[in-house]
Amino acid sequence: MSGIVVLIIRILLAIALYAFLGWALYTIWRDLRVQTLILAAQKAPAITLTRIGMDEFEPASFQKSEIFIGREQTSTLPLLDETVSGRHARLAYRHNQWWVEDLKSTNGTFLNEEPVNTMTVLVSGDEIRVGQTVMRVEIAPKE
Amino acid sequence: MSFLFPPSISAQDSIQRRLMFLAGIFLFLYSAALTLSPAVRVHSWAADFRWQHWMGYFGWLAGFSLLYRQLNHLSPDHDPYLLPIASLLSGWGLLTIWRLDNFLGLRQTLWMILGLAVIYLLLKFPHWIDALRRYKYIWLSAGLGLTALTFFFGTYPGGDGPRLWLGCCGLYIQPSEPLKLLLIIYLAAYLAGQVYITLSLPQLLAPTLILAGAAIALLVAQEDLGTATLIIAIYTIVVYLASARRRVLGISLVLLLAAAIAGYAIFPVIRVRVDTWLNPWLDPGGNSYQLVQSFLAIATGRVFGTGPGLGSPGLIPVAQSDFIAASISEEMGLIGLVGILLLVGLFVLRTFSIAMRAANNFHRFLAAGLGCYFAIQSILIIGGNIRILPLTGVALPFVSYGGSSLLTTFTALGLLLVISSNEETASPELPRLRPYLVTGAAIAGALMVLALAAGWWSVVRSDDLQFRTDNLRWTIHERYVPRGSLLDRTNRPISITTGQPGSYTRSLLYPALGTTIGYSDPIFGKGGLEAGLDGYLSGLQGNAASTVWLAEWIYGQPPSGLDVRLSIDLDLQSRADAALAGKIGAAVILHAKTGEVLAIASQPSFDPNLMDEKWEEWRNDPDAPLLNRVTQGAYPPGSILGPFLYARVKPTLDRDPEQLSYSLDGKTLACARAAAVPLTWETVVAAGCPGALVELGARLSDGQMHDLFLDFGFFSSPEFELSTIAPSPDQPVADTVLASLGQSGLKVTPLQIALATAQLSNSGMRPTPLLASAVRTPHQGWVVLPTGHATTVDGTYAQPASLKTDPTSGLPVWDAIGQAQTDDGRPITWYISATVNSWPGSPLALALVLEEDNPEQAEQIGRELMFAALNP
């Protein structure tokens, strides 16, 4: 008799353990799905950089949330310009805005000919100058 | 329960509350099962219930309920999974420790409350975490300094062991535990200090040197392979997560392997660990004892476990710390261990998710580092318990016994809770997601491998491991489950179990049968028939499979043992023992057709009831009382070969014997007793006259002599419930003279001679000896056990023995006497006897040996026993 009572307790014990695990896994999975939906909604709109005065280059368009500009070949947008630092500037999508940031480059980064000292918001039509290269920014409207 | 875990304003609150409820219910049920477990063991409600562990349960409930309220109050945005998972793991560990040892349970409860207080302080003063960052070198030096102190003042709380502790006044801490945490904080602070994580080699130099230095120092000075591995692994993964460079993994793997190989070559402790990991079965009683006991515990638990308090995890040395995973596996089964693995996996998953959402890079690397610390430490120790990895003495976080370890893990939990409370500040962009996914997948894969390996022990290997002799669980079962009795052929008890459940003891009512019945003793193991018939006596054999399964499932025990009826006749047995009393020798009487043994006596014998006091004395006694001479005494046959030779060559005999004695190497061998006149082959063979034996042997070639020995089974051990000595090797006969005198090096046991005698009397059919004749099953009553197959040899000596009845004996039997000399020159006297063919009753055969030169007495005892056997 004592064996049966304890057996029932043991079965309930296993159920409690797996109820805990099941509930945790279920809510985490549910949470993850919601997060994915939100992230999809927050997807960065495409940004296009057109080099002004250099028609030989096609406008470069990006579907990313972070763009590194510099002379290094590993940069997102590599520039063949001796006045551009290896890692010169970064464009980043945060809080539903595109931002530009100077990465302590030698010659500085300029937004509409104003030096960029801190993270600054970009809008369509802005002009960014890194070294001697000037680029116009076009941000696709949000879907 | 709402009083204990009240709802709060937090958005994620319902998840956390429900999980805390479930953890509380789980631990309550565990405690309840543990309280009732003594009643299950004795199958009755009249038992000493266990209550002490409720102190641990209520300590847990109060502590976590208070922390839960404070947590919701102080940082409502914390991660809702961390606290419930940690509470379940630590509560489960705590109750397991109470179950193993009440004193350690109490200590662990106090440590847990202290740990909860530390978490409270961290929540109350969350800016402390930034002080950690600012003064990283101070903390690091403090940690390294404390660890360095153990090189000079290190002790081991349990007496003799690795000197990894610092202690004073009954309180011990293990500085390598906080050191791990401090190294992670330092590493996170250092990496977060690098503005853009494009770590070049020189930038990695400082942390590498410090961490590698700490790891090597731990390895060299304290031979602590576990912590050293852990530090290198955490370092690698955190740098990989921060830099996303796969090269780091490769370099670190090479370093780890190099460290392991160097450690193996230099340090004996590590060599032992690795060797026992590779070959645990080579030395299961020595270096790999712990490891093998761990496998046995997991195998005992099978899938569902024995239930809390119903297994015997205390048999594993230091079950409460290094082997707590194996202890949990035994009582909660594979599902329990998989549950632990899932909890660890969930916890680590949450730390990674916290890392991704952290307020700054320091918090991010710290959370990821702490996650790796939990993951790797859990994998190392659980892997060590189930032979996936070499055993490293690290603690299972939250679960294992140990104050320093528990405080460290609770501090880490506090830090994670603080870091997770970040909803306002936006997290810095993750440079790459991939390293997190790769690391997460690797940890999940490792946990899955552990689950599969645990399944290997608890399902695939479970049955083989249950019956290993070093699985001592049977000694505990024997105290709680009555063992079957051994009865004689008229159901008179010989060996019985007495006492109350929980203190059953075995006693042999007829001690003279000691060497045959043997013993079932927690210290000395099992011997004799108690070992040979253990399946029935312990209830695992003879019961329906469903009965065995149910008993194991409900009680964690085998079912009640079954009684076995032996073929021994206690009256005849006591005659044989009385006749041999004071002598050194053995006698066996068996049914010549069925092989049933009616009496089996070996003197001197031992009394299994007195094993505890006299074992050493018996072991050192030159007369070897522990030896069952019937099955294990190997004697040269000597002139007792006469009847067998005679049966072989009888058809070719055309004249009477000429010689009685024989001169061998200048010594004259005479007849064992005076041959009766008129001299015939029968009378001289019966008297054991060596000259006649040589004459008989001369008629056989070497090959025929060899076949004769083979046909009478002198080269083979009979199948028997008692263990028999290995037979003489089957070798060609080199010297027919020596062979016919029975002095060619061939050794036989009295049992072999008795069976060969039965064969002579039984038309060439040699029975298989048998002691167990029936077993009493619960449903069918007495079930007769099958007799073994008889061996039939064809041909020449298949005819009945034609030795004449000795008219002086007055019995319907023929008999013969023989003498032999052992290799060291001591005399042996043999006597054999069997019923004649015309005897209408049960055919009997007897063999007797005395370790002295005394043919008259051998004949007298033999005839007396034969008379008693024929006139019951």
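Which strands of chain B does helix α31 lie across? Before I answer, note that what you see is a predicted model. Helix α31 of chain B, residues 750-761, lies across β9, β18 and β19 of that chain. Its direction is at about 145° to β19(B).

Now the sheet. In chain B, five strands form an open sheet in the order β10-β9-β19-β18-β17, and the pairing is antiparallel. At the edges stand β10, residues 597-603, and β17, residues 813-821; each has a single partner strand, so one side of each has no neighbour in the sheet. On average, neighbouring strands here are turned by 10° against each other, if direction is ignored.

Strand β18(B), residues 827-835, pairs with β19(B), residues 844-850, in the antiparallel sense, over 6 bridges. If you want a place to look, B:Ala834 has B:Ala845 in β19(B) as its bridge partner.

Next, a helix elsewhere in the numbering of chain B: α3, residues 82-100. The 19 residues of α3(B) reach 27 Å from first C-alpha to last, close to the 27 Å expected at 1.5 Å a residue. Of these 19 residues, 18 are buried, so α3(B) is largely enclosed by the rest of the structure.

Last, where the chains meet. Here 23 residues of chain A are in contact with 29 residues of chain B. On the chain A side, α1 (2-41) and β5 (89-94) each supply at least two residues. The largest share, 19 residues, comes from α1(A). By type, that side of chain A divides into 16 nonpolar, 4 polar and 3 charged residues.

Conventions: Residues are numbered from 1 along each chain as its sequence is written. Chains are lettered from A and ligands numbered from 1 in the order in which they are written. This is a predicted model: local features need pLDDT of at least 70, side-chain atom pairs count only at pLDDT 80 or more; totals for chains, interfaces and linings use all residues. Two residues are in contact if their C-beta atoms, placed from the backbone, lie within 7 Å. Helices (H or I, at least four residues) and strands (E, at least two) are DSSP runs, numbered from the N terminus. Ala, Val, Leu, Ile, Met, Phe, Trp, Tyr, Cys and Pro count as nonpolar, Asp, Glu, Lys and Arg as charged, and the others, Gly among them, as polar. The expected span of a helix is 1.5 Å times one less than its number of residues. A residue is buried if 20 or more other C-beta atoms lie within 10 Å of its own, exposed if 12 or fewer, and partly exposed in between; C-beta atoms are placed from the backbone. Two strands pair if DSSP finds at least two bridges between them. Axes are lines fitted to C-alpha atoms, for helices over the stretch in contact, and angles run from 0 to 180 degrees between N-to-C directions.
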